[in-house]
Each structure stands twice: as C-alpha cells, then as structure tokens.
Amino acid sequence: MNILRSAPGQKADSWAASKPPLLRFLSACHADFSAETGGAVADYIPELGKADADHFGISLATLDGHVYEVGDSRIPFTIQSMSKPFVFALALDTLGAARVESAIGVEPSGDPFNSIRLNADNRPFNPMVNAGAITCSSLIREAKGDGAFEYIRQAFGRFAARELGVDEAVYVSESATGDRNRAIGYLLRNSTVIKDDVSAVLDVYFRQCSVLVTARDIAVMAATLANRGINPVTGEQVMTSYAISRTLSVMTSSGMYDYAGEWIYRVGIPAKSGVGGGILAALPARLGLGSYSPRLDSHGNSVRGIKVCEALSSHYDLHMLNRSDDARNSIIADYNIGNSASRRSRRPHEQKILAAHHQDVRIIELVGTLTFSNVDYVSRQLAAKPRPQFVIFDLRRVTSMTRAGAGLLAEEFRELALFHVTVILSGIKRSSADWKMIKERTGGISNLRDFYLLDTAIEWAEDQVVYRHGGAIDFHETTDLSEQPLLAGLSAKENRRHCLFGHDEKLPIRREDRRCRRSRNIAVFPRKRRRPRHAARRRTACDTHGRSGVRRNGAVGNPPNCGCACRRIRYRA
Ligand code: GLN
C-alpha cells in the first residue's frame, strides 16, 4: 500500500499540509478499498436495505484521546451486533460476574450469529451470538425493569463520549420482522434462561440494536475497551477492568461469529461486527478502530471493514499475540551515594563515615510503566549486589503501574523489610493513584518512607548512615574554618585573612547560618535553604522521630529542636 500517494507533489515548505503517517495510511486504505464493491447490504431487516451501499468511513482513536477520521466517518448507522460487547460488560458490572456467567457460556459456537441453538447445558454459547445477547438484555431488564433500555443507552453514551439516539425506523422494522429472534427468545424461556416476558426482553434487544452511531463513535467506544474501560476522550472509567477484559475475551473467541477463528489467526485484534455495516476493533493498550461500509459478506461482516482491519494489522504488525517487551528498560540509573551523594555539604567526619559506608544507600531510578516483568527484573537487580541499609526508588519518571506491577513492588518492599532494609520512595505524590495502589498493599510495613525530592531522600538516608555510625549532626555545632571544603588547601594565614578583624582561625561559625554577615566580617558559607522565608508559623516535624515543634516565620538558623536526640527538624509538605 502506497501511503504517500495521498500527498502528491507536496512541497517541503508547505508544513501545514503535513499529516501524521497513520492518517495517510487510513486515507490510502479508504482510497484503495473504495474500489471494492463485493458483498451485499443486509435487507432481512427491511429498513437496513435502504442504506447507501457506497458509504465508507474509517476512524481510529488512540489511547491519548486523538481521533483520526477518513471518508464518511460521521454518517450515522445502527450499531446492531456491535451493541453486544457493551451490554455484556454492563451486565457483568450491574449484576455481578457470578450471575451473568451462570446464565451465558463463553465458548465459540462456530455457528452464524442468529443460530437457533443452545449448548449442551441449554445455555447460550456466548454473549456475542444473538441467543447470548438477548440473555444479556434480559439480565439488564431483571436489574432495571422498564428502565433497562435507557440504562443501556446511557452506558453506550459514556463509551462514545456523547449522547446517542435511536433509529426509530430500524427499530420498528426489526420489531416487525424479527421472528427468528423471537424463536431464540422462546427457546431461552423454555430453557429457563429467560424468566421474563419474551416480547419485553426483545423490545430492549431490538432497541439496543437500533442505537445510532458513526464510525467515529465506534472508534472511541473501541478505544475505551482497549484502554481497560477508561474512555480516552473523557477520562471516565466507564466499566470495571474485569468487565472489559472478559468482554475482550469473548470478542476474541466469538466476535466475528463463524469467521472468528480465521479472524483472530489473520488479524489478531479483538473485534465485533454488526449487520448495519460497522466493524469495531479494539487492540488492548494501543487503539480503537471503527469502520462503516454496509456491504456484507456471507458471515454478515462488512467486506471493506475486514479489509481495513487486515491491512492495518499486517502493515504495522499489530497482531496482539506478536508482542514482546524488554523488562530491562525500566531502570535508567542504579548507583549508590559513593557515585552521587546529596548536595548537602558535609563535615569531614560525616564525609568519612559516608565514604566508608557508601554501599549502604542504593538509589534506583525507574522510568515508564512498572509492569509485572519490570518489577521482577528490578527485584533481581537489587538482590544481585550486597544488601544495602536503604534503597531509594525514584519514581518521578514512572508514568503508570499495572496492578500486577504494584502488587509485585509491594511484595518486594515486604521482602526488604524482612531483611531490615528501609525503602524510600521519591518522585511520587501522595495524592496519586499509584501511591494509593502501593499504600493499599503495604499497610503495616514500618520502614517505608517517602520524600518528593530525590535529593531530600538521599540526604535523609545519608543522615541515617551518619547517625548509625556514631556521627552527630547538630544545628548548633560550630566548625573550624579550615574544615570548610570551600577553603580546603588554604594555609592558616590565608584563612586568617578572611577574618578582617584578625580573628583566630578557630573562629566559631554557625554551620546553619546562611545570612551574609559582612558587618561582622565573618566568612559565609552558602547553604541550601531549608524552608521558604515567607512561610508562616507552621507545625514542623522531625523526620526521624515524628515529633513536632513550631518555628517562627522566617527564623533562620537555631530552630527549636523537636526534643529528639537527633535534633533535626524538617518540614512536611
Ligand atoms: N439486530 C440484528 C439481529 O439480531 C443484529 C445482528 C447482527 O448485527 N449481526 O439480527
């Protein structure tokens, strides 16, 4: 397929006319497959026979919420069987998996969609054939009574990111001619799968099939399935991830009826078709595709729609079972404080302790999505080197965590706790969903700490190492001029020159004093601010012991300590 054909003679300087390659590809598909006139418009529902056979629209929605559209992507048509996955997901979330799974099987039938046949247990084979879908509609009626259809329509709207209407003419037409579905309904009632009034259940089913959508709507609905139930356009979690994953499972095995095996072998993308001419394809974690072209093959699948899916899958090698991921990508830095210490200036005795125990603080900076495999790899990397006292996991570049990743991470924290290793997290906000997932799984672990800034986390761990090895860190301590790294290498005489009034080189200097005290001609050693000057009176807490004290606005140096032996004061966010 020549995807650049849609940009003939484009001048390099007409930048505004540039297109994303994926849009060019969809345009090329549209141009190529428009010539395909095989198949026939469904007319067993008379109103469907009135569709314009030449209409052809393609839309693709990405999981960051961008929607590509080509051709007749805004022409409305009825959703028909593409309603089935959404009503199945809705039934799972509304009635619970146990109720739904006891009523409907999940095995492919190998039969056409409208087969009047149940499995050996007298249940529908799966929710993608009419018998299973009619059962789903009856389950929703069981929960919502006469409000069942409105409940379904509202749910469809949340998947599509807009309110959807009904094609009354198609509904009336199918209602008047749907005897085959009536036969299925009575078979289900005869087997006590449906206990309700059959015509009331079929009314819900016929209406749900007559909901009007466009190729664009279908792409967004598919992208919501591909995105674990979160609509990428609205950000709303429309259904639970359980319902979505089970829905995608039955779409994979039975979405294309008696063409399902061939489909998943060739295309490898969970999909669902409708006799209105739509095809919906949802590639998990990647994209949602919607196409509309009303000419159908003998299985009831859109001829052009199938071609678009096949071309997309083969051109970009998108088969869902043709994947691999390198778990080693998640660690971008792994070091200890010997390679990179905090920015805090340390006195010589502290430096000596930290140099001797640099392996006690290990820092692992992570990136991207933390999955099951990534976290497993991290845990093995950690175990491959000597046991540290503190491990800092810097998560500021972590974009998300899967539930499996968070679960394994929490188990790793427990393992580290067992070996008295303190875990420190940096770069994660306490209000984030990832933090919530970690916290839910690490309740009861005491040696887990967090500091938003990596440098603060490293500094805190360094302090702990210094304390553990007998070094005191004291705000009120005085220090010798020659100890200051800034003046290292200067003679006593040169040092004395820094004290214009001729003080002795043993001049005491407050280590925490950052103000310029030129008037007294005392050497100044710039240090990191510990809190903003403008901060109001605020409760503060010692990070080591959790006791709190109060410090006055703008006070510099000499803060009241918390009464702990450590005499350290930090400020909680
Ligand atoms: N309403 C249609 C029917 O039940 C849906 C079938 C389909 O789209 N495959 O016959």
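Are Phe-390 and Trp-460 buried or exposed? Both Phe-390 and Trp-460 are buried, where buried means under 20% relative accessible area, exposed over 50% and partly exposed in between, with a 1.4 Å probe and protein chains only.

Before I continue, a note on the basis. This is a predicted model, in which local features need pLDDT of at least 70 and side-chain atom pairs count only at pLDDT 80 or more, while totals for chains, interfaces and linings use all residues. Residues are numbered from 1 along each chain as its sequence is written, and side-chain values use heavy atoms, with hydrogens and water left out.

I begin with the aromatic pairs. Rings of Phe, Tyr and Trp (its six-membered ring) pair if their centres lie within 6.5 Å; planes under 30 degrees apart count as stacked, over 60 as edge-to-face and the rest as tilted. By this rule there are 10 aromatic pairs. One of them joins Phe-390 and Trp-460 edge-to-face, at 5.9 Å centre to centre and 90° between the planes. Phe-390 belongs to strand β12 and Trp-460 to helix α17 (residues 454-468), so that this pair links distant parts of the chain, 70 residues apart. Helices (H or I, at least four residues) and strands (E, at least two) are DSSP runs, numbered from the N terminus.

A further pair involves Phe-393 and Phe-413: the ring centres are 5.6 Å apart and the planes are at 35°, so the pair is tilted. Here too distant parts of the chain are linked, with Phe-393 in strand β12 and Phe-413 in helix α15, 20 residues apart. Phe-393 is buried, with a relative accessible area of 1%, and Phe-413 counts as buried at 1% relative accessibility. Elsewhere, ring pairs link Tyr-44, Phe-113 and Tyr-257 into a cluster.

Next, the strands. β12 and β13 run parallel and are joined by five bridges; two strands pair if DSSP finds at least two bridges between them. Asp-394 has Ser-426 in β13 as its bridge partner. In a regular strand the side chains alternate between the two faces of the sheet. In β13 both faces are covered: Thr-422, Ile-424 and Ser-426 are buried on one side, and Val-423 and Leu-425 on the other.

Which residues of helix α16 (residues 433-442) are buried? They are Asp-434, Trp-435, Met-437, Ile-438 and Thr-442. Seen down the axis of α16, these buried residues fall within an arc of 160°, so they line one face of the helix; the arc is that of the directions from the helix axis to the C-beta atoms. On the other side of α16, Ala-433, Lys-436 and Glu-440 are exposed. The cover over the buried residues of α16 includes β12 (390-401), α15 (403-418), β13 (422-426) and β14 (448-451). After α16 comes Gly-444, whose phi is positive, near 95°.

Finally, the cores. A nonpolar core is a set of buried Ala, Val, Leu, Ile, Met, Phe, Trp, Tyr and Cys residues joined through side-chain atoms within 4.5 Å. The largest has 45 residues, of which Phe-156, Met-221 and Leu-225 touch the most other members. Helix α2 gives the most to this core, with eight residues. Apart from this core lies another, of 28 residues, among them Phe-25, Phe-33, Met-256 and Leu-318.

Note on methods. Contact = heavy atoms within 4.5 Å.
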